Amino acid sequence: MKYAGIDIGSRTIKLIVLADGELVFSRKSMTSHSPLETAQELMNGAAFDVITATGYGRHLLKGHLGCPVISEITAFALGSRFFSRNCSSILDIGGQDTKAIALDDDGLMKKFEMNDKCAAGTGRFLEVMATALGFTLEEFWRAALSAGKAVKINSMCTVFAESEVISLTSQGALREEVALGIHKAIVSRSVGLLKKVAPPGMVFFAGGVALNECVKVLLEKEMARPVFVPPDPQIVGAIGAALSAMKEA
């Protein structure tokens, strides 16, 4: 049988298919004004027998297809073990929230902390900051890594931070140093969540922000422990959903 998992997130929707425990299909798209419609488009042409949904929009798909759903926390705990069995905790920084998850010896969720009150320190925050500095997302983290020092950012509110960044650069602050300051502020916020739950050991870094090399480097320095990023950190939740479907079957 082929088991599909779909993660309907706030910024992107990810669909994967597992066959005999192997990843055989992967597709993703930006979340539109109609997440259900985008999810249906992603599923067109994908061959699978059963599907399980996770993410913000999982109940939309459940209402349409009657498919099982699981929470994002459970999905990421399951999905992390598909890529690594050596991690003791997970940091997921997505488009609109940040999650820190502690795992037990069997890879099951033991406890978690979540920042979902605003977009501070998330993928959306990074997008706005990169635009304010005139960078693409890749240029943004590369510029931060090249900086000799960081300019401190006082606000993590997306609106206020954008104004602060514009003010700093108009006063002559180097864009690279401002970029590093932004990345350090994000990492400090994420480490604060991790320290509440994470036992010693390797951290599994998932979500779209895990593609940001500067965040990974700063996390390793700040926590003095290795950080593992899977080949595609955006599909971890979808894989966890598919693994849940396999377990149920």
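How do the residues of the lining of the largest pocket divide into nonpolar, polar and charged? I opened my notebook with that one, keeping in mind that this is a predicted model.

**Entry 1, the pocket lining.** I sorted the lining by residue class and got 10 nonpolar, 12 polar and 10 charged residues. For the space inside, I noted about 590 Å³.

I went through the helices and strands next. Two strands, β1 (2-8) and β2 (12-19), each supply at least two residues of the lining. So do the helices α3 (72-83), α4 (123-133) and α5 (137-146). I marked α4 as the element that gives the most, with four residues.

Stepping back, I counted nine helices and nine strands. The radius of gyration is 18 Å, close to the 18 Å that the globule rule gives for 249 residues, so I wrote the protein down as being as compact as a globular protein of that length. Its C-alpha atoms fill a box of roughly 60 × 40 × 30 Å along the principal axes.

Last, I took the contacts between residues at least 6 apart in sequence, and 63% of them join residues at least 24 apart.

Terms used. Residues numbered from 1 in each chain as written. Predicted model: local features only at pLDDT ≥ 70, side-chain atom pairs only at ≥ 80, totals over all residues. Heavy atoms only, no water. 1 Å grid on protein atoms, 1.4 Å probe; cavity = no way out; pocket = protein on both sides within 12 Å on 5 of 7 lines; lining within 4 Å. Points joined across faces, edges and corners; volume = space filled by probe spheres on them. Nonpolar A, V, L, I, M, F, W, Y, C, P; charged D, E, K, R; others polar. Rg over C-alpha atoms; globule rule 2.2 N^0.38 Å. Contact = heavy atoms within 4.5 Å.
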